[in-house]
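Student: Before we discuss any details, could we look at the sequence and the model together? I would then like to go through them by question and answer.

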Amino acid sequence: MSKHTLSVMVENEPGVLSRVAGLFSGRGFNIYSLNVAPTLEAGVSLMTIVAEGDDAIVEQIVKQLRKLVPTIKVKDLTELKSVDREMVLLKVNAEDSKRAEILRIVDIFRCKVVDVSVDELTIEVTGDQGKIGALVNLLTRFGIKEIARTGNVAMRRSMQTDL
Amino acid sequence: MKLTGAQILLKCLEEEGVDVMFGFPGGAVIDIYDEIPKSSVEHILVRHEQGAIHAADGYARATGRVGVCLVTSGPGATNTVTGIATAYADSIPVVIFTGQVPRALIGNDAFQEVDIVGITRPCTKHNYLVHDIKDLARIIKQAFYLARTGRPGPVLVDLPKDIQQQVAEFKYPEEVSMRSYKPTKKPHIGQIRKVVKLLQKAKRPLIYSGGGVITSGSHQELTWLGQTLNIPVTSTLMGLGAFPGDDPLFLGMLGMHGTFAANMAVNNCDLLLAVGARFDDRVTGKVDTFAANATIVHIDVDPTSIQKNVSVQVPLVADCKLALAALKAETEGTLDEFDWVADHKPWVDKVQGWAKEHPLTYKDDTDGIKPQYVVEKIHEITKGDAIIATEVGQNQMWAAQFYKYNRPNTLLTSGGLGTMGYGFPAAMGAQRAFPDKLVIDIAGDGSIQMCIQEMMTVVCNKLPVKIVILNNGYLGMVRQWQELFYDKNYCATCMDAQPDFVKLAEAYGAAGFRVTEKKDVEKTLREAFKLDKPVIVDIRVEKEENVYPMVPAGASLTEMLLV
Ligand SMILES: Cc1ncc(C[n+]2csc(CCOP(=O)(O)OP(=O)(O)O)c2C)c(N)n1
């Protein structure tokens with residue numbers, strides 16, 4: 001079992017999201033995260049889907065996605081060099097005694113504080129899975145009260161030097 | 001030309017060359033029904049929407065054209081779901097038009113509203129809710145195109161009532177252009193050459209042919225290949241008729257109720273050429289041991305079928321017809337230098353030896369009527385020249401085993417979904433397509449009761465479908481499993497409380513016969529088949545006869561229970 005990041009370009013017609021999502025649920029494939037938004041081209045949306053499974057399952061997923069009528073293109077970015085980013089909002093406990101330390105971490109991770117109250121800080125962080133995982137780990141001991149994640153967006157790098 | 005949505009729909013159907021549709025009216029499609037008498041498209045009024053969709057499916061299977069079905073919103077639409085799933089499982093091109101509540105009411109739990117697009121998403125190739133009358137003609141054009149191209153399948157178009165009433169300029173699009181839908185059709189020539197090399201090297205090649213050969217119309221190419229290169233052929237249930245059933249190279253069906261020869265051949269072949277077949281679990285038995293000694297070549301138009309259930313060494317994504325034609329072209333050049341017939345002879349002898357050792361047979365040792373005997377008689381009387389539909393269960397397997405199909409599109413059966421109630425309405429659709437052909441539904445006493453209401457439709461439309469009930473008083477196939485694997489606990493499979501099928505036929509205005517003695521089987525069938533009206537022949541067969549050979553579910557193909 002490994003995670004695969006799939007970049008799926010679809011015609012933005014009604015119901016396309018449930019078609020894609022239904023394909024996963026109907027076949028017992030597991031979606032880890034799914035992100036959809038319009039592209040530069042009118043009527044075309046890009047989905048970034050992180051899915052879990054062994055190679056045979058992922059091969060089926062990719063083929064099934066391609067088979068959907070509104071699908072224009074499917075790329076499995078896992079084998080390629082790609083840029084992966086996720087944006088996360090975290091609301092952390094921050095009494096006075098802890099505030100300085102939290103702000104230091106925010107600084108080191110180059111995140112932003114986007115909301116402040118007497119005993120809470122809301123932090124915005126953008127990064128790959130590794131960075132976000134590390135930050136969440138560090139902040140957990142202060143008490144994370146809420147978390148909202150976008151799920152991955154990903155793009156193939158222009159230079160595929162090793163390939 | 002300015003037309004209403006309802007008029008546009010009928011114009012589009014005319015443009016597509018649709019001569020008949022099967023349907024059932026309701027408030028949400030009444031505008032369309034208002035236009036039908038003014039159009040050249042004939043409408044056949046069924047008695048239940050399940051009948052309409054199966055009839056459209058049977059029409060499609062018998063003709064190779066797209067079948068069409070029209071129903072109302074809500075319950076009308078949901079009544080078609082079983083039939084849509086049936087067509088989907090067997091890749092049959094049908095277009096289903098459903099009425100929908102007016103757009104302003106969609107999502108409001110309006111009267112007879114159901115999200116049929118949502119419900120049928122997993123069992124259609126594609127489906128549409130028409131939001132804008134300007135898209136209507138294009139969507140219909142696409143629906144027909146999607147239904148019949150690539151891997152065919154059902155496509156549903158949901159039509160809100162206000163769209164049917166709105167007026168718009170009508171122009172039927174000349175072509176379909178969808179950048180997102182471009183099925184691969186042409187085979188990769190490098191792969192084709194590889195297959196020819198493998199065939200030349202193989203000592204024990206076997207063709208495993210499926211429904212895709214029939215759908216793509218490539219039975220001639222398949223037959224040429226088998227016969228010229230002297231390769232034995234086995235077929236799935238869906239593939240029966242693609243290769244002549246009486247050719248000595250034909251081994252019959254493989255899989256759970258396949259022949260001894262076919263299953264042994266799969267186990268012993270060194271090259272398996274799978275064409276338009278999808279390695280269904282009823283075919284493979286235990287996957288690990290399926291064709292374990294063979295290199296597998298898989299030709300299929302649908303890439304998702306390849307590597308799905310078994311690992312394939314040579315994948316070939318292509319339309320079966322183009323792929324087989326390419327194989328033919330490549331091998332034709334080798335006929336002088338390569339003696340295919342001699343080369344494969346030892347293997348063919350071996351395979352035919354298996355067929356002699358354990359032919360398809362049954363013990364005709366009682367006074368009762370054996371169902372297999374009835375099917376044999378049907379074959380004898382019709383000389384194989386009928387269209388056979390089947391229900392599901394033992395009747396279906398006997399119809400597959402004991403009737404020899406020499407031509408494609410002559411067996412209509414629910415292979416993938418296994419839908420009881422399919423055969424009779426499907427036969428009705430086929431009879432409408434071929435009014436002069438003998439169309440016979442080989443039925444079980446359980447299955448026939450699932451869509452029996454279409455008796456009225458066949459009677460009043462003068463569709464002289466013949467129903468032969470192999471009446472064993474049981475849900476026979478389930479009873480067989482209970483007998484063999486559940487200690488004969490015949491729970492809920494005894495069906496001896498039955499309608500009087502003869503009177504039932506007569507009540508509908510059809511003819512009915514009952515046969516209880518073996519000596520009357522042939523005579524009665526002959527008489528029934530001659531009648532120019534619908535007939536039910538209720539044949540009381542041996543109650544506990546079983547279908548053999550049988551590979552228990554999950555066992556290897558060689559672990560067959562024989563007669
Ligand atoms: C709609 C539907 N319900 C249930 C089944 C399960 N099933 C498969 S075969 C069978 C028995 C069919 O009995 P009958 O039609 O009498 O045919 P026989 O096997 O006796 O020939 C049943 C219940 C099915 N295939 N389809």
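**Backbone, burial and interface**

Student: Where in chain B does B:Pro549 lie?

Tutor: This is a predicted model, in which local features need pLDDT of at least 70 and side-chain atom pairs count only at pLDDT 80 or more, while totals for chains, interfaces and linings use all residues. Residues are numbered from 1 along each chain as its sequence is written, chains are lettered from A and ligands numbered from 1 in the order in which they are written, and side-chain values use heavy atoms, with hydrogens and water left out. Helices (H or I, at least four residues) and strands (E, at least two) are DSSP runs numbered from the N terminus. On that basis, B:Pro549 belongs to the segment of chain B after strand 20 (535–540).

Student: Does B:Asp487 count as buried or exposed?

Tutor: B:Asp487 also has a positive phi, of about 55°, although it is not a glycine. Its place is in the loop of chain B between helix 20 (476–485) and helix 21 (501–508). Because its relative accessibility is 74%, B:Asp487 counts as exposed.

Student: How many disulfides does a search of the whole structure find?

Tutor: The criterion is a pair of cysteine sulfur atoms within 2.5 Å. Over all chains, the number of disulfides found is 0.

Student: Which cysteine has the sulfur nearest to that of B:Cys123?

Tutor: B:Cys123 counts as buried because its relative accessibility is 10%. This residue is in no disulfide, and the nearest cysteine sulfur, 13 Å away, is that of B:Cys69.

Student: How far away is the nearest cysteine sulfur from B:Cys320?

Tutor: With a relative accessibility of 4%, B:Cys320 counts as buried. It takes part in no disulfide, and the nearest cysteine sulfur, which belongs to B:Cys269, is at a distance of 18 Å.

Student: Which residue of chain A does B:Leu146 touch?

Tutor: B:Leu146 lies in helix 7 (residues 136–148) of chain B, and at 0% relative accessibility it counts as buried. If residues up to four places away in sequence are not counted, its contacts (heavy atoms within 4.5 Å) include B:Lys125, B:Tyr128 and B:Met178 in chain B. In chain A, the residue touched by B:Leu146 is A:Val69.

Student: How much area is buried between chain B and chain A?

Tutor: The contact takes 17 residues from chain B and 17 residues from chain A. Buried area is the accessible area (1.4 Å probe) that two parts lose on being put together, summed over both. Carbon and sulfur atoms give 47% of this area, and the area itself is about 1,400 Å².

Student: Which residue of chain A forms a salt bridge with B:Arg179?

Tutor: A salt bridge requires a side-chain nitrogen of Lys or Arg within 4 Å of a carboxyl oxygen of Asp or Glu, and across the interface of chain B and chain A this rule finds 3. In one salt bridge, at 2.5 Å from N to O, the side chain of B:Arg179 meets that of A:Glu41.

Student: What pattern of strands and helices does chain A follow along its sequence?

Tutor: Chain A holds 4 helices and 9 strands, and 39% of its 163 residues count as buried. Its C-alpha atoms fill a box of roughly 55 × 40 × 30 Å, taken along the principal axes. Read along the sequence, the pattern is β-α-β-β-α-β-β-α-β-β-α-β-β.

Methods:
Buried < 20%, exposed > 50% of the residue type's maximum accessible area, 1.4 Å probe, protein only.
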